[in-house]
Amino acid sequence: MRYFFAVFFLGWMAVANAAINVASDVLVSWPSADSRSVALLKDVGARAVFVPFIGEGTAAFLTSTRQAGMAAVAEIQATSCGPALQRQLDQARQTGFAGAAFDAVCGKQALHDFLSRQQGLDLFVYLKPEQAGWDVTPAQAILRDGTWPGIHPANPTVASATHSAWADSNIYLVEYLKGMFPDRAALIAYQPNEKANVSKDRLLPYGSVELALTEARAAGGNVILALPMDYREALMAGKPEALAAWKSLAATARFLAGRTRQFHQPLSTRVAVVGGTLEQSGEILNLLYRRNATPKVIRASELTRIHLDR
């Protein structure tokens, strides 16, 4: 019996500490290390939860996430790749976090040197659009960019006989990352704020979170899901409409996870865009995807000689 318990315990620890699969796992951003949220996160199939790192008072949350088979990732507010960040990473590891995430707040080479000295945590680095091409190995790169998906709110002061609905989507960002940086996961993250085109008075449908996951995964990437505050509060209060949307999200997540391999297959398309920086290429890609052209993004180094006579 003693040996059985030892084997069971070690097996459970292996599951709890398994590496995060950023291609197919459900990744969720949560505003606090609240142990009451763990049951909800488990219901939706979350494998990793990103929470602000406060240094203490997280023991109950970390215990709950481990028991639920989830990895807790500490989001650290860094100002440089110096001793202060190193101390926070060490504290996060000692506290029991499985991973840590922080912004690329230093130069490319300094960040590379800093990351090469790290061990014991799954690391994630948030990159701005202009940093999208940075190699942050052994960490996972996260592009901090995106627009809240769905129908763009109409401007009531503008009228046009040819006006049509404008759909906001982030598929072009995922395809850009896949085409330009094929050796890493196409991972994006954005919050429901003005940077993501969400004004303070805009009400977001609960189902828009499901749409955010669907478009990213169907394009062959992934997104760190962030919930609008009213959705999160409704879930915590047990409101039926919010719980129904959460159940639907869980079902969709399972469906998508079972088709990850299909979503990573090359596009069947006759349209290609030679990618430059995201600033140079982003808008043309966005417009093409809005018109269902589904272009393949290729790097300039992949171009072969074009024969105009064929």
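Pro-138 is found in the loop between strand E5 (122-127) and strand E6 (140-144). Helices (H or I, at least four residues) and strands (E, at least two) are DSSP runs, numbered from the N terminus. This is a predicted model: local features need pLDDT of at least 70, side-chain atom pairs count only at pLDDT 80 or more, and totals for chains, interfaces and linings use all residues. Residues are numbered from 1 along each chain as its sequence is written, and side-chain values use heavy atoms, with hydrogens and water left out.

**Backbone in the loops**

- The peptide bond that leads from Thr-137 into Pro-138 is cis, with omega near 10 degrees.
- Asn-292 is not a glycine, yet has a positive phi of about 60 degrees.
- Asn-292 sits in the loop between helix H11 (278-290) and strand E12 (296-299).
- Asn-292 counts as exposed, at 66% relative accessibility.
- Thr-294 also lies in the loop between H11 and E12. Thr-294 has a positive phi of about 40 degrees, although not a glycine.
- Thr-294 is partly exposed, with a relative accessible area of 32%.
- Cut-offs: buried means under 20% relative accessible area, exposed over 50%, and partly exposed in between (1.4 Å probe, protein chains only).

- Strand E10 covers residues 222-226 and is mostly covered: five of its five residues are buried.
- In a regular strand, side chains alternate between the two faces of the sheet.
- Asn-222, Ile-224 and Ala-226 point one way from E10, while Val-223 and Leu-225 point the other way.
- Strand E1 (residues 26-29) pairs with E10 in the parallel sense over three bridges. Strands pair if DSSP finds at least two bridges between them.
- Val-28 has Leu-225 as its bridge partner in E10.
- Strand E9 (residues 187-189) also pairs with E10 in the parallel sense, over three bridges.
- Ile-188 has Val-223 as its bridge partner in E10.
- From E9, the chain crosses through helix H7 (residues 207-218) to E10, and this β-α-β crossover is right-handed. That term means that, with the strands pointing away from the viewer, the path from the first strand over the helix to the second runs clockwise.

**Helices H8 and H9**

- Helix H8 (residues 229-236) packs on helix H9 (residues 240-257) at an angle of about 100 degrees, with axes 8 Å apart.
- H8 and H9 are therefore roughly perpendicular (65 to 115 degrees) to each other.
- H8 brings Tyr-231, Ala-234 and Leu-235 to the contact (heavy atoms within 4.5 Å). H9 brings Ala-242, Leu-243, Ala-245 and Trp-246.

How values were computed: Axes are lines fitted to C-alpha atoms, for helices over the stretch in contact, and angles run from 0 to 180 degrees between N-to-C directions. Angles under 35 degrees count as roughly parallel, over 145 as roughly antiparallel, 65 to 115 as roughly perpendicular and the rest as oblique.
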